[in-house]
Amino acid sequence: MKSDIEIARECKLDRIEKIAEKAGVAVEDIYPYGHHIAKVPLSYIDEEKIKKSNLILVTAISATKAGIGKTTVSIGLDLGLNKIGKKAMVVLREPSLGPCFGMKGGAAGGGYAQVLPMEKINLHFTGDFHAITSAHNMITALMDNYFYQRRKELPPLKEVLWKRVLDVNDRGLRRIIQSIGGQSNGVMGESGFDITPASEIMAILCLATDREDLRRRIENILLGYQYDGTPFTVKDLGIAGSICVLLEEALMPNLVQTTENTPAIVHGGPFANIAHGCNTILATKMGLSLADYVVTEAGFGADLGAEKFLDIKCRKAGLCPKLTVVVATCNGLKMHGGVEVDKIKEPNIEGLKKGFANLDKHVRNMQGFGQTVMVAFNRFANDTNEEIQCLIEHCEKELGVRCVVNDGFMRGGEGAKELAEAVVKEIETNPSKPLNFTYRDDETPQAKIEAVAKKIYGAGNVNFSDKAKKMLALVDKLGLSHYPVCVAKTQYSFSADPKAYGCPQGFDFDINDIVINRGAEFIVAIAGEMMRMPGLPKVPAANSIDIVDGNIVGLS
């Protein structure tokens with residue numbers, strides 16, 4: 001089969017004006033970025049239309065290093081819905097250059113279920129990530145300058161929390177010493193970098209409901225503490241306006257198209273293992289305003305992205321999916337069934353069956369939120385009919401949920417028609433229920449973290465380090481205990497151990513640190529050895545990316 005980029009290049013793209021018309025957006029209102037990309041103004045968000053539309057969440061079993069194909073299934077389902085005559089739109093996150101040039105690759109889908117132009121979407125796109133990087137680092141520079149210029153009359157902060165960000169995987173930037181070489185270069189001290197998707201500015205952009213809310217959240221960003229213990233914020237610097245200026249265009253959702261020339265929105269891009277893993281509220285609401293069915297995805301497995309989508313994003317935005325689709329693959333199930341990674345492409349019914357425990361836990365977790373759940377089997381070329389039938393029977397007999405094969409990767413919308421028809425039928429016959437959140441707003445942050453760890457992950461004990469306990473006390477002192485929690489942990493396991501595949505139960509879950517995201521309005525609990533600046537693998541994807549005869553090759 002042709003590579004993703006070869007398929008993408010062979011697709012004849014419609015001009016963005018035509019895509020806008022299909023979406024119901026007036027051509028004179030869009031902000032074009034070339035011939036095939038545009039931003040759509042926030043005025044197209046219509047709360048009345050949102051209430052009548054159908055939101056579908058796509059999530060997955062615990063990840064493999066090659067992924068499960070959740071984005072491909074999301075796009076395929078959207079194509080299938082359009083194929084059966086529904087006005088549908090897919091709303092996705094933007095890719096990060098870190099994984100694109102690192103190990104996982106891009107995030108524009110795959111095969112014949114992609115969003116296009118995939119090279120631009122996977123690379124610089126409309127500059128949203130660069131705007132977030134610039135805004136974050138502008139705050140750092142202005143804060144450093146504020147205390148440098150007042151160094152004779154004003155002591156520096158007792159503790160600085162705000163670092164820098166860059167959209168690359170670079171372990172060498174995790175901890176640095178800044179401003180060496182003399183006083184004229186600033187105040188020397190320890191600092192570091194996170195990757196841009198982990199920036200609080202990214203989270204703020206994704207959770208902001210309008211321009212005023214964006215400004216309010218930026219003003220509330222906690223930068224550090226003064227010597228008397230008083231919090232020091234962006235509002236104290238008086239620079240929120242300039243940061244909003246940098247984010248003005250980034251706030252507007254991006255309109256693109258699929259491999260079958262249907263409208264798609266791609267906007268925002270936090271990771272789900274170190275952040276909350278969802279596209280922007282504005283993009284989701286834009287999609288719901290423009291289409292009758294909106295397919296969206298949340299990062300990594302349902303224990304990470306879907307939990308945060310429901311407990312954080314839906315809680316704050318007043319959204320509720322009509323249906324959740326859990327994506328599974330034979331390769332992923334066999335890996336979670338104890339089959340060696342280099343042998344998961346070989347037929348192995350027993351290994352497949354042992355991996356069902358991982359799928360079952362994710363499905364029941366989603367049902368615990370009150371969601372109607374379906375399983376989408378993402379077909380790979382090496383899957384056998386016996387394995388596929390075994391999974392379908394398990395879902396229907398043991399879980400009581402429908403399992404449908406998705407062949408969108410190989411056949412686009414035609415290969416996802418059965419899945420689309422099943423999704424529509426489930427939505428029409430099983431009315432959605434109000435969300436049953438994992439925890440209440442009035443519970444303590446410690447209780448919220450324990451609820452996620454025990455109910456969603458299956459932990460037996462949750463242990464908080466002394467540092468984490470100190471931070472939890474500070475959260476309470478600052479009056480922020482009502483915030484939801486965002487657990488940063490490995491995507492490869494329910495536990496904090498990336499090699500604990502399957503469905504571990506009763507394990508110890510260690511919280512090593514707590515980070516207060518006062519602007520984003522959630523508390524980040526860092527579990528295990530999670531780092532907010534990833535490193536590169538031994539052989540990065542960058543080694544295969546090139547330009548040949550004027551065409552980009554190697555992107556996936």
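Author: Helix α4 (residues 70–83) and helix α18 (residues 417–429) pack with their axes 8 Å apart and at an angle of about 80 degrees. Helices here are DSSP runs of H or I with at least four residues, strands are E runs of at least two, and both are numbered from the N terminus. The axes are lines fitted to C-alpha atoms, for helices over the stretch in contact, and the angles run from 0 to 180 degrees between N-to-C directions. Helices α4 and α18 are therefore roughly perpendicular to each other, a label that covers 65 to 115 degrees, whereas under 35 counts as roughly parallel, over 145 as roughly antiparallel and the rest as oblique. On the α4 side the contact is made by V73, L77, G80, L81 and K83, and on the α18 side by K417, L419, A420, V423 and V424, contact meaning heavy atoms within 4.5 Å.

This is a predicted model, in which local features need pLDDT of at least 70 and side-chain atom pairs count only at pLDDT 80 or more, while totals for chains, interfaces and linings use all residues. Residues are numbered from 1 along each chain as its sequence is written, and side-chain values use heavy atoms, with hydrogens and water left out.

Helix α4 also holds N82, which counts as partly exposed because its relative accessibility is 24%; buried means under 20% relative accessible area, exposed means over 50%, and partly exposed lies in between, with a 1.4 Å probe and protein chains only. Apart from its neighbours within four places in sequence, N82 is in contact with A88 and T262. The C-alpha atoms of N82 and F509, which are 427 residues apart along the chain, are separated by 43 Å.

On the other helix, K417, one of the contact residues of α18, forms a salt bridge with E414, the closest N and O atoms being 3.6 Å apart. A salt bridge is a side-chain nitrogen of Lys or Arg within 4 Å of a carboxyl oxygen of Asp or Glu. Both partners count as partly exposed, since K417 has a relative accessible area of 26% and E414 is at 39% relative accessibility.

D194 is buried because its relative accessibility is 10%, whereas K163, at 28%, is partly exposed.

In the other pair, the side chains of D213 and R216 meet in a salt bridge at 2.7 Å, N to O. Because D213 and R216 are three residues apart in helix α9 (residues 211–219), about one helical turn separates them. Here D213 counts as buried because its relative accessibility is 10%, while R216 is partly exposed, with a relative accessible area of 34%. D213 and R216 also belong to a network of salt bridges that links them with R217 and E521.
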